[in-house]
Amino acid sequence: MKVTGLLFLAGITLFSFSFTSCNSGAGGTPTFCDTTCSNDTIRFVGSHQSAPMVSISMKNCLPDTIQWNHAGMDTYTKTGFMYLLEQSVRINKNFISAKFKDNSYVWVLFNDCITGRGFQLKLPYDKTENFAIRSSGINSFDPKFSIAEQLIVNTDRGNIYVEDAYTGKKAMMTFGEKIPIDYDLIHDHLDSVHITYNRIWVRFKSKNKWVDKEKNIVLE
């Protein structure tokens, strides 16, 4: 994928505007998204007839408890948000989404408003199944990450992984080296990402030089 100088500059301008437009940090420090205090519960409901849901309650401006269930369950599944992530985050209702697989499980995607770090939670409605937690998510809330609607994308610093949220089919691309990514400062080494159902394209820093890499993929 060849990017002209004009389009590249436009992308930088858009990215810069997106960060400064959400400037709500202490002393005017730019943040990824608006951190104005809200204690309103964030709630999503799926389209399955059993009405699967997931909700995040807030306390003192921070996410406090996450719970999920559907009409066929006897009780809610509930846990502390910080306990689940093992770290504190600030969230904004406009930078969080839920993808329901019928009443089997729900993917919850969000970015920390302070750092922009992407998180992804896979929460099963069957209590005998394990949930998944990813703190290296590449989410489309970031204006430099273009991700097709059904896809869940993350990285382990050496590879980029793609998964269909509804079928579980997967694909991946290797960077060919270990990238020293700090997930709280991800754009220091991962500039931009564009992923569709059949192609991965990434611009990343390799030995202090920005390089582009792409791969045609088949989810399977």
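The model is predicted, so local features are reported only where pLDDT is at least 70 and side-chain atom pairs only at pLDDT 80 or more, whereas totals for chains, interfaces and linings use all residues. Residues are numbered from 1 along each chain as its sequence is written, and side-chain values use heavy atoms, with hydrogens and water left out.

A pair of aromatic rings is described by the distance of the centres and the angle of the planes. Rings of Phe, Tyr and Trp (its six-membered ring) pair if their centres lie within 6.5 Å, with planes under 30 degrees apart counted as stacked, over 60 as edge-to-face and the rest as tilted. Across the whole structure, six aromatic pairs are found. One of them joins Phe 81 and Phe 110 in a tilted arrangement, at 5.6 Å centre to centre and with 45° between the planes. Because Phe 81 lies in helix 2 (residues 81-85) and Phe 110 in strand 6 (residues 105-111), the pair ties together parts that are 29 residues apart in sequence; helices (H or I, at least four residues) and strands (E, at least two) are DSSP runs, numbered from the N terminus. Both Phe 81 and Phe 110 are buried, where buried means under 20% relative accessible area, exposed over 50%, and partly exposed in between (1.4 Å probe, protein chains only).

The rings of Phe 175 and Phe 204 are also paired, and because their centres are 4.9 Å apart and their planes at 50°, the pair is tilted. Phe 175 lies in the loop between strand 12 (170-174) and strand 13 (190-195) and Phe 204 in strand 14 (residues 199-206), so this pair ties together parts that are 29 residues apart in sequence. Phe 175 and Phe 204 are both buried. Elsewhere, ring pairs link Phe 32, Phe 95 and Phe 141 into a cluster.

Helix 2 also holds Leu 85, which is buried, with a relative accessible area of 8%. Leaving aside neighbours within four places in sequence, Leu 85 is in contact with Phe 110, Phe 119, Leu 121 and Ile 133, contact being heavy atoms within 4.5 Å.

Beyond neighbours within four places in sequence, Thr 155 is in contact with Ser 136, Ile 138, Ile 160, Phe 175, Ile 181 and Tyr 183. The side chain of Thr 155 reaches the backbone oxygen of Asn 159 at 2.6 Å, and a polar atom of this side chain lies 3.1 Å from the backbone nitrogen of Arg 157.

The second largest pocket has a volume of about 270 Å³. This pocket is lined by 14 residues, of which Thr 36, Ser 38, Ile 91, Asn 92 and Lys 93 lie nearest its centre. A pocket is an open set of points on a 1 Å grid over the protein atoms alone, where a 1.4 Å probe fits, with protein on both sides within 12 Å along at least five of seven lines, and lining residues have an atom within 4 Å of a point.

Key: Points joined across faces, edges and corners; volume = space filled by probe spheres on them. Polar contact = N/O pair within 3.5 Å; in protein donor to acceptor, adjacent residues only side chain to side chain.
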